[in-house]
Amino acid sequence: MTQSPALPLPPPDERRRLREAASLTRAQLASRVGVTSETVRGWETGRSTPRGRKGRRYARLLKSLGAGKELTTSHIFAAGADGPARRRRGWVRARAVGPRRYGDAADALTPDQAFDALYSFCAPALVRQTYLLTGRRELARESVERAFHIAWQRWPEVARDRDPAGWVRAVAYDCALSPWHRFRLRHRHPEPPPPDAFDRALMDTLLRLPPSYRRTLLLYDGVGLGLPETAAETEASTRAATNRLVHAREAVAERLPELADPEVLHWRLVELASIERLRAAKPLVVRRSGERRARLWTRAAIAFTVALIGTTVLTVRTAPARYEPPVPAGETVQGVPPRVAPGPLSEKEQKLRKKLRKEQQRGPDRLLPQPS
């Protein structure tokens with residue numbers, strides 16, 4: 001019978017956060033526990049559960065890093081906003097949990113408070129991730145704000161989602177990779193690249209990848225999702241996601257051999273995103289701008305509907321009630337003699353005309369014959 005760890009384990013997301021807060025790579029933590037890096041990845045993604053003697057050692061190590069009990073939603077939000085992400089100058093994994101998964105602490109929050117907490121937890125890291133995805137700072141901020149606008153409009157659905165942060169991240173990535181941005185004037189010119197030569201080479205390599213490959217690489221090696229989660233978020237099969245990841249890593253290693261190790265690649269992505277001072281707007285500003293945007297679109301939809309109804313009523317009132325066949329085009333008639341101007345009247349015709357003009361225009365007298 002397999003023994004379980006003697007000490008309680010935090011959630012898989014919190015395990016990775018604690019490791020990164022201590023600036024430990026998976027290889028370093030694996031050497032302390034006595035397992036491989038892939039085993040640690042499985043424990044951090046939830047694909048496998050630590051068991052036995054090595055599992056107990058892993059649990060004690062996490063406890064020494066700061067994990068003593070299972071965190072509530074508010075604690076996780078606070079850690080994501082003010083904790084290890086600032087200390088290590090990287091991004092935290094933008095992956096929160098639903099409000100009903102951790103008990104009554106999240107249920108006591110109002111919708112405004114819950115949205116603000118989710119935004120404070122996810123937005124700073126998500127802006128940096130989106131910057132790596134697009135290479136454009138302003139587009140990254142716009143995409144993240146647009147994603148949270150949509151999340152606020154659909155907040156009952158987002159609040160009940162198993163992974164609200166993943167929901168917002170997927171929408172932000174979709175907005176950032178929209179092909180319509182190419183028609184915007186300010187996006188036709190590249191933005192200033194990073195100052196460091198190696199960072200410029202890494203950013204150029206990422207932008208040369210196809211969008212689907214770039215997104216898969218960022219989710220797996222940057223954010224740290226597992227292959228099933230990466231495939232689900234990119235709407236691909238696990239085999240397709242694996243192929244994209246392999247080809248993306250090969251393309252990066254071909255131009256930058258130093259990044260052939262996935263762990264090194266992960267920390268280089270963290271450093272590349274951290275050198276840019278990308279700030280997200282305040283939660284209240286985003287929430288109010290989203291409400292204004294929703295009101296504007298609602299009024300526009302109402303105005304368009306009213307105009308459409310008015311046009312329809314006018315068409316119904318002015319349209320003919322019965323079918324009127326079209327008038328055929330005229331045809332030329334042959335053999336008609338030409339019109340001849342009348343000649344001068346004779347004396348008798350002139351007297352008759354004078355007499356007719358003296359008579360009444362109407363009445364029975366005109367109908368009776370007159371003797372000559």
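Q: What does the accessible surface of the chain come to, and what percentage belongs to carbon and sulfur atoms?
A: The accessible surface of this predicted model is about 22800 Å², and 55% of it belongs to carbon and sulfur atoms. Accessible areas follow the Shrake-Rupley method with a 1.4 Å probe, and for residues only the protein chains shown count as cover. Residues are numbered from 1 along each chain as its sequence is written, and side-chain values use heavy atoms, with hydrogens and water left out. In this predicted model local features need pLDDT of at least 70 and side-chain atom pairs count only at pLDDT 80 or more, while totals for chains, interfaces and linings use all residues.

Q: What is the average pLDDT of the chain, and which stretches have a pLDDT below 50?
A: The average is 78, and 82% of the residues score at least 70, where pLDDT is the predictor's confidence in each residue, from 0 to 100. Over residues 1-6 the pLDDT is below 50, and this stretch has 11 contacts beyond near neighbours in sequence, a contact being heavy atoms within 4.5 Å. Residues 67-106 also have a pLDDT below 50, with 100 such contacts in the model. Where pLDDT is low, the predicted coordinates should not be read in detail.

Q: How many helices and strands does the chain have?
A: The chain has 18 helices and 0 strands; helices (H or I, at least four residues) and strands (E, at least two) are DSSP runs numbered from the N terminus. Of the contacts with a separation of 6 or more, 75% join residues 24 or more positions apart.

Q: Why is His-149 called buried?
A: His-149 has a relative accessible area of 8%, and buried means under 20%, exposed over 50% and partly exposed in between (1.4 Å probe, protein chains only). His-149 is therefore buried. The residue lies in helix 9 (residues 137-153) and touches Val-286, Ser-289, Gly-290 and Arg-293, leaving aside residues up to four places away in sequence. In the chain, buried residues make up 41% of the 372 residues.

Q: What makes Asp-13 partly exposed?
A: The relative accessibility of Asp-13 is 23%, so this residue counts as partly exposed. Asp-13 is placed in helix 1 (residues 12-21). Its C-alpha atom is separated by 9.7 Å from that of Leu-225, 212 residues apart along the chain.

Q: How do you know that His-266 is buried, and which cavity does this residue line?
A: His-266, in helix 16 (residues 262-274), has a relative accessible area of 5%, so His-266 is buried. Not counting residues up to four places away in sequence, His-266 touches Arg-16, Glu-20, Asp-221 and Gly-222. The lining of the second largest cavity includes His-266, Arg-16, Asp-221 and Gly-222.

Q: Why is one space called a cavity and another a pocket?
A: On a 1 Å grid over the protein atoms alone, a cavity is a set of points where a 1.4 Å probe fits but cannot get out, whereas a pocket is an open set with protein on both sides within 12 Å along at least five of seven lines; lining residues have an atom within 4 Å of a point. The second largest cavity holds about 50 Å³, and the second largest pocket about 350 Å³. The lining of this pocket comprises 14 residues, with Thr-134, Leu-139, Ala-176, Ser-178 and His-181 nearest its centre.

Technical notes:
Grid points are joined across faces, edges and corners, and a volume is the space filled by probe spheres set on the points.
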